[in-house]
Amino acid sequence: MTEILDQLTGRTVIVGSGLAGLMTALTLAPEPSVIVTRAALGAETSSAWAQGGIAASIGADDSAALHLADTLSAGDGLCDRSVAAGIIAEAPAAIAALEQAGVRFDRNQAGKLSLGLEAAHNRRRIVHAEGDGSGAAIIEALVRAVARTPAITVLEGFEARRILMDGERVAGLLCATAAGRAAVLPAARLVLATGGIGGLYDATTNPMGNFGQGVALAARAGADLADMEFVQFHPTALDSRRKPLALVSEAVRGEGALLVNERSERFMARISGAELAPRDVVARAISAEIARGGRVFLDARKALGSRFATRFPVIAALCGEAGIDPAQDLIPVRPAVHYHMGGVATDANGRSSVPGLWIAGEAASTGLHGANRLASNSLLEAAVMGMRAARDISAMPAGGTGDISVEQLPAPADASPVRAVVSRHLGVLRNADALHAAIAALLPLAEGDGPAADPAIVALLIAVFSSLRIESRGAHARTDFPLKLADAQRRRMRLSQALEIARATPYYPLARSA
């Protein structure tokens, strides 16, 4: 039997309790809201795992224009300049709002914010909290702030399964409770802050349960998707048996650590930007070393040595789990899925193409990141867009909820049948044969109603978008189209259109007789 939670009618419903979701709820207050989270509040979120901090141009030698220039450069021609400029300009205000909520950022002896350097930034502008434990420290502070805010209701152990529609408008959210029962939240205003797609891949630094739920929910509701092909692989995940893989933050390279192969060759030295080149460049270089049968290591012995554990206590502990002492040992690394630049297309306030539906954080595609996200712009976007979505919602007339037609509760999602396909065919390096093979394997799963359907929908969207981009740009690298097109274009598409393209895509088995 489906329970209708009428007592919560009229409240904004926020799905997800990472930085974007928490900032949305806190900014909405004292307007009432409901946070829906399948785990404990703030747990199982990529935000809490972030080692890097928040990029903000607040240094004496920095400016919003310089931060924007670095963002546009990393984005490789596909950033929305206006959106990027606006988000970057709000960075100081976002830092102030987080401090107001209780976040304690690291400061130097003079009492000023301590600023770190990360790849592709030309200034020190990364604001940290508790060194390389920034994400956890930020989320802990915001969780405490939510607990102090009576206007926010938290439903832990609730998993969003479907957006319920009244015509073309959002009318509610169908959830599964921790006991497996169906519950409906009547809502005319819904915010998806569900994070990324890393759980679709075997090698990821994201929570394994994050397979792009927000994209699947919005896609089924008819929302426009954008730039789904751009999956960022962090170049330096700790190469170990741990799942998900532990991240070795870019900040380690920012402090002078070098990348070397098993022959002790510093292979990045011949590439512009060297170890601090944009992530897509470093990930491809490391992948090439591994593809030839080599291994790659971070060497922090000279740059940090005995200071490593003090500067990067979380990373030092993770290395220790794998039997590695960064002060004396090389750190084995490999690329792993870290962030998704694509997602649900939104405007500058987080509105999707579906009336009543906002998206904030990694699940959205605002145009800030373009083809390749600049380091530490993700937490910046999550904070700013959570605040913007909240302000946009508050400025709207309340309005009533529509008529709800309750659907049957879908089965729990299972991404495991999808991971092998995605990991093999949608990795750092792609080509037409691999993309067509992925589409052929994913289409029947996406069109079915089994547990793999939602993860397959997200993976299929990545594959279809990838097949249409016949160039290499940013995080999308094709061995059959290694050059960039002269005219860079973003792409928007709905699920129905992607399914039509997938059905018409030719597939020739990769194995051919001589």
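Of the 514 residues of the protein, what percentage count as buried? The share is 59%, where buried means under 20% relative accessible area, exposed means over 50% and partly exposed lies in between, with a 1.4 Å probe and protein chains only. The model is a predicted one, in which local features need pLDDT of at least 70 and side-chain atom pairs count only at pLDDT 80 or more, while totals for chains, interfaces and linings use all residues. Residues are numbered from 1 along each chain as its sequence is written, and side-chain values use heavy atoms, leaving out hydrogens and water.

A look at the overall fold comes next. The protein contains 16 helices and 22 strands; helices (H or I, at least four residues) and strands (E, at least two) are DSSP runs, numbered from the N terminus. Its radius of gyration is 22 Å, close to the 24 Å that the globule rule gives for 514 residues, so the protein is as compact as a globular protein of that length. This radius is taken over C-alpha atoms, and the rule is 2.2 Å times the number of residues to the power 0.38. The C-alpha trace spans about 70 × 65 × 45 Å along the principal axes. Among contacts with a separation of 6 or more, 72% are between residues 24 or more positions apart, a contact being heavy atoms within 4.5 Å.

Strand β9 (residues 169–176) holds C175, which counts as buried because its relative accessibility is 0%. C175 and E159 are 16 residues apart in sequence, and their C-alpha atoms are 5.2 Å apart in space. Leaving aside residues up to four places away in sequence, C175 touches several others, among them V36, F158, E159 and L409.

Finally, the aromatic rings: the structure holds 2 aromatic pairs. Rings of Phe, Tyr and Trp (its six-membered ring) pair if their centres lie within 6.5 Å; planes under 30 degrees apart count as stacked, over 60 as edge-to-face and the rest as tilted. Y201 and F233 form an edge-to-face pair, 5.7 Å centre to centre with 90° between the planes. Y201 lies in the loop between β11 (190–192) and α7 (213–220) and F233 in strand β13 (residues 231–238), so this pair ties together parts that are 32 residues apart in sequence. Both Y201 and F233 are buried. F308 and F312 form a tilted pair, 5.5 Å centre to centre with 55° between the planes, and both F308 and F312 are buried.
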